[in-house]
Amino acid sequence: MNNFSEKWDQFVDIFVNYGGSDMVLKGLLNTLLIAVAGLFIGIIIGTLIGAVRVAPKYKLLPRILNGFCSFYVGLLRGTPVVVQLLIFYYVLLPILDIKMSSVNVSILVFGLNSGAYVSEIMRSGIQSVDPGQMEAGRAVGLSFSTTMRMIVIPQAIKNILPTLGNEFIMLIKDTSVVSFVGATDLYTAFNYIGTNSYEFMVPYLVMAAIYIVLVVIISIGIHFMERSLKKSDRRN
């Protein structure tokens, strides 16, 4: 017990007196920024791809777009996100002579990666909506895209909300790999504290506790959103 108390005192000393708190705060903000922005980009990309995947393939353009989307989803789902980060940051950006911060690269890569997964989630959500909804929209003169945007996708989002919550949780946890491209996240912050105190047990335990708290908060938020949507369904 005394040994743990000494380790805790070392952790507090680095956290308070040697910039550990600033590192943790910066890491937490970057973790949330990358996860939230990545999910936002992923939802946009995933919704577009999901709509293309379920669109009728009578014409040439939808078939070409569907082939491109299938290739995109297969490529992004078939490679680990850390590999995508390394390729973007150390290969593609230097070749294209583009300057981007490590945080912005992380947001872009996580958004593209999330889009591939969200597209499959959205596709299943769209297919879970009663086909009569699409037929009703087309019957009153709405185009396919307008019917999808105004009628089908809002209902699909209700159906896939828990799965989107799981995707957000996965993004929060996966941000621990952004240190590979020099971005400061929670792992980087607590690794800094462990390195300076020569003791990693307490920093890693505190880091795990923060991740658990974040996941619990997200889960509670998703639960309340589901309850709110169910109330609106009952009123309808």
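The questions and answers below concern a predicted model of a protein.

Q: How many helices and how many strands are there in the protein?
A: From the N terminus on, the elements of this predicted model run α-α-α-α-α-α-α-α-α. The C-alpha atoms fill a box of roughly 75 × 50 × 25 Å along the principal axes. The count for the protein is 9 helices and 0 strands.

Q: Among contacts between residues at least 6 apart in sequence, what percentage join residues at least 24 apart?
A: The protein has 236 residues, of which buried residues make up 37%. When contacts between residues at least 6 apart in sequence are considered, the share that joins residues at least 24 apart is 75%.

Q: Is K7 buried or exposed?
A: K7 lies in helix α1, which spans residues 2-17. Leaving aside residues up to four places away in sequence, K7 touches E199, M201 and V202. Its relative accessible area is 17%, and because buried means under 20%, K7 is classed as buried.

Q: Which residues does N113 touch, not counting residues up to four places away in sequence?
A: N113 is found in helix α5, and with a relative accessible area of 9% N113 is buried. N113 and T79 are 34 residues apart in sequence, while their C-alpha atoms are 9.3 Å apart in space. Not counting residues up to four places away in sequence, the residues that N113 touches are L76, T79, V81 and Q84.

Q: Why are α5 and α7 oblique to each other?
A: Helix α5 covers residues 102-128 and helix α7 covers residues 144-174, and their axes come within 8 Å and cross at roughly 140 degrees. Angles over 145 degrees count as roughly antiparallel and those from 65 to 115 as roughly perpendicular, so an angle between these two ranges falls into the remaining class. The pair α5 and α7 is therefore oblique.

Q: What is the handedness of the crossing of α5 and α7, and how do the residues of the contact divide by class?
A: The crossing of α5 and α7 is right-handed. The contact includes F110, Y117 and I121 of α5 as well as M148, I157 and E167 of α7. By class, the contact of α5 with α7 has 14 nonpolar, 5 polar and 2 charged residues.

Q: At what angle do α2 and α7 pack, and what is the handedness of their crossing?
A: Helix α2, residues 20-54, packs with α7 at an axis separation of 10 Å and an angle of about 140 degrees. The two helices α2 and α7 are therefore oblique to each other. The angle asked for is about 140 degrees, and the crossing is right-handed.

Q: How do the residues of the contact of α2 with α7 divide by class?
A: The crossing of α2 and α7 is right-handed. Among the residues that make this contact are L32, V36 and L39 of α2, together with F144, F168 and I172 of α7. The residues of the contact divide into 14 nonpolar, 3 polar and 1 charged.

Q: Which residue has a side-chain oxygen that reaches the backbone nitrogen of G132 at the start of helix α6?
A: Helix α6 spans residues 131-139, and G141, which follows α6, has a positive phi near 100 degrees. At the start of the helix, the backbone nitrogen of G132 lies within 2.9 Å of a side-chain oxygen that belongs to D130.

Conventions
Residues numbered from 1 in each chain as written. Predicted model: local features only at pLDDT ≥ 70, side-chain atom pairs only at ≥ 80, totals over all residues. Heavy atoms only, no water. Helix = DSSP H or I, 4+ residues; strand = E, 2+ residues; numbered from the N terminus. Buried < 20%, exposed > 50% of the residue type's maximum accessible area, 1.4 Å probe, protein only. Contact = heavy atoms within 4.5 Å. Polar contact = N/O pair within 3.5 Å; in protein donor to acceptor, adjacent residues only side chain to side chain. Axes fitted to C-alpha atoms, helices over the stretch in contact; angles between N-to-C directions. Parallel < 35°, antiparallel > 145°, perpendicular 65-115°, else oblique. Left-handed = near helix turned anticlockwise from the far one by under 90°. Nonpolar A, V, L, I, M, F, W, Y, C, P; charged D, E, K, R; others polar.
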